[in-house]
Amino acid sequence: MQRLQDRVAVITGAGSGIGLATARRFAEEGARVVCVDLDEASGSAAAAEVGGLYVKADVTVEEDVVRAFRTAFDTYGSVDVAFNNAGISPPEDDSILETGIDAWRRVQEVNLTSVYLCCKHAIPYMRRQGKGSIINTASFVAVMGSATSQISYTASKGGVLAMSRELGVQFAREGIRVNALCPGPVNTPLLRELFAKDPERAQRRLVHIPVGRFAEASEIAAAVAFLASDDASFVTGSEFLVDGGISGA
Ligand code: NAD
């Protein structure tokens, strides 16, 4: 029996990296996958690959988010899982002294406001069903901070963590579980873009990861599939670290 058989799962940022790996894993486990991404080429390719549905949406725009969840419900009849994962990397110099207000606001919009919007518009469907699992992508930096100065990014992910804990506690009695996924550094286009700007940063980061390597996106997807499934029936409001030990080092 596949753990996510016939579950309807909405994934934001499904066109690349962690979202794409999770779309593949969810499909393998039997889910009907709704791939949401701003980038039409990669989002529709992901949907085609996993036999799912593509919805072009900007997760910072409320009408787009409403449309994404409505499309999932209208097409498949439920919304069982929301993996609110789309995000952007920090601006080039994201120290408190250098980050401008526009860059700060953009990171909060894409990384944090989007999660607020997705939770807001997923929960009513789950509430009616009396069941649902929401996984919001935070980061290990939300737990331990970052010595590499990424204030807008770390603050946005700290917000995701706090929001997930709050919602997990608030909706526990209604059968809706909400968890914050906290990946360590993962080998995806987002990380590669960051390290291309600052190659030394990759080396500095690597030495602090106890397992001695970056994660592959499929290793993060495995944890998301667990959180989405009934195997995680007693897991809610958690900061779920999948970080190769970096936060404990
Ligand atoms: P990625 O860049 O590979 O993929 C992100 C996807 O989100 C892209 O397909 C992009 O088109 C989409 N997206 C961006 N803005 C969007 C918007 N406004 N509306 C809709 N879609 C949008 O990134 P990734 O590494 O897979 O990261 C996924 C999540 O994991 C992000 O929230 C990121 O902050 C987080 N994260 C990544 C790492 C890492 O090391 N890669 C570590 C911890 C947390």
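Modeller: The largest pocket has a volume of about 830 Å³. On a 1 Å grid over the protein atoms alone, a pocket is an open set of points where a 1.4 Å probe fits, with protein on both sides within 12 Å along at least five of seven lines. The volume is the space filled by probe spheres set on the points, which are joined across faces, edges and corners. This is a predicted model, where local features need pLDDT of at least 70, side-chain atom pairs count only at pLDDT 80 or more, and totals for chains, interfaces and linings use all residues. Residues are numbered from 1 along each chain as its sequence is written, and side-chain values use heavy atoms, leaving out hydrogens and water.

The lining has 43 residues, each with an atom within 4 Å of a point. Nearest the centre are Asn85, Ala86, Gly87, Ile88 and Leu190. By class, 20 lining residues are nonpolar, 16 polar and seven charged (Ala, Val, Leu, Ile, Met, Phe, Trp, Tyr, Cys and Pro are nonpolar; Asp, Glu, Lys and Arg charged; the others, Gly among them, polar).

Among the elements that each supply at least two lining residues are helix H1 (17–28), strand E2 (32–37) and helix H7 (189–197). Helices (H or I, at least four residues) and strands (E, at least two) are DSSP runs, numbered from the N terminus. H7 gives the largest share of the lining, five residues.
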